[in-house]
Amino acid sequence: MNPTGIYHRLPYPLKVAAATIWGGYLNWWRYSKHTEAAVDEALEKDTWHRERIEAWQEEKLAKLLSIAAAEVPYYSNYWQSQRRIGNRSSIEVLKNWPVLRKEIVRENPQLFKTQSRKLFYREHTSGTTGSPLVLWQSRSTLQAWYSLFEARIRRWNDLNRSDRWGMLGGQLVTPFDRKDPPFWVWNQASRQLYLSAYHLSEDTASAYAEAMHKHRLVYLLGYPSALTALAEFALSKGISLPKLKCVISNAEPLFDYQRKIIAHAFQTRIVNTYGMSELVCAASECSSGSMHLWPEAGLVEILAEESDTAEPEGSSGRIIATGLLNQDMPLIRYDTGDLGALAHRDCPCGRQHPILGELVGRMDEMIITLDGRKIGRLDPVFKTDIPVREAQIIQEDLYSIKVLLVPGLGYDHDSLLQQRLRERVGDMKITIQQVREIPRGANGKFRAVISHVKEP
Ligand SMILES: [Zn+2]
């Protein structure tokens, strides 16, 4: 669902029209006349006691597990084979279900589709590790998800969908080699200024600030790596940033040093969020600084890194989530690939949703370009039909990057991949090396980006 291939080369007025039409199309998928009622419902659940929330989740879970066992090929096959080998354990108990690794979904997405469902929005994502993943989500699932976003990210922070906002992200809204503004596009349907994270540099930072002033943004959402870069440039060059209600961090872990720099530069509150395209769980930060899980999105377990045993409360481990929203593609005990801890302590804000802490997953490094820009995420280059199972981008020096790649069936896309990378990082030497697997780090995960370049 990445529109940039279509319009990033259009001239500016046409680009605004294209972005606005695209935004309107996305809005149709995401919102309906029932959105407001769903937002109210979510906000009302924020007042519920823990026992009531858990009972409500149990009921949703029971329905999901029975659909999965009966109608989802991967799970019905699993339970049939378990019965054949004499496993009589109950399908009604979540812990009796296997932990699901992302690779299984990546390799066999069709096996996870509920048989009786028809209309889907097909999301093709690189996930968080640079490996592509196909997901199916119906319009009602997406609407449920976006009503939670509206309630627990916007309303918690006194914002709503009609506020003008900025998004600093990884979509290529303008060609890489463009030297002059605009490096952004206004999407009137969503009242959103989409700002390219790729063009941010010491030289362009003041133009970004001006665009944000000019479009009278109320808040800004973005990758913390890009927000930090903008904040650093603004502080070092004395650039005046607009007065925003808050800055929302998404898609990457937010480190304390980043929060400090962003808060200092913008002189406003920073709100952290956690979520993923698979829609299996999500959390957002309350005014007391706790990351509360969204009970409607999913159930979270924390399991040990080396085995599938549960970690005691408060200890960190793998975040395993069972998505409650998407009954068209149930993902049960799904290993998110992230690390974190879970606590059930009381929060001064009064909400009793469990609190997610020590989020250390998704540790990507940055590519530093010759002209001094820092690029934190390059995974959108894989958000396409290129059949790649895994990829890792390694920056060896300022002039060259190497892509390690595990090709999928029919892979023959070296030059397309090089072109897409060059659009983002500039004229570097890009070598692509096919490998059988990407070497894993100490925790068994691999990093999407590794840089051997020390910052100047
Ligand atoms: Zn709280």
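This is a predicted model: local features need pLDDT of at least 70, side-chain atom pairs count only at pLDDT 80 or more; totals for chains, interfaces and linings use all residues.
1. Helices (H or I, at least four residues) and strands (E, at least two) are DSSP runs, numbered from the N terminus.

2. The domain assignment of the protein gives three entries, of which domain 1 is made up of 4-30 + 160-244, domain 2 of 35-147 + 276-357, and domain 3 of 367-451. Taken over C-alpha atoms, the centres of domain 1 and domain 2 are separated by 32 Å.

3. Between Pro181 and Pro182 the peptide bond is cis, with an omega of about 5°. Pro182 belongs to the loop that runs between strand E3 (165-169) and strand E4 (184-187).

4. Arg216 is not a glycine, and yet its phi is positive, at about 50°. This residue, Arg216, sits in the loop between helix H8 (205-214) and strand E6 (219-222). Arg216 counts as exposed because 10 other C-beta atoms lie within 10 Å, where the cut-off for an exposed residue is 12 or fewer.

5. Arg333, which is likewise not a glycine, has a positive phi of about 50°, and its place is in the loop between strand E12 (317-323) and strand E13 (334-343). Is Arg333 buried or exposed, or something in between? With 19 other C-beta atoms within 10 Å, Arg333 is partly exposed, because a residue is called buried if 20 or more such atoms lie within that distance and exposed if 12 or fewer do.

Conventions. Residues are numbered from 1 along each chain as its sequence is written. Domain bounds come from an automatic or database domain assignment.
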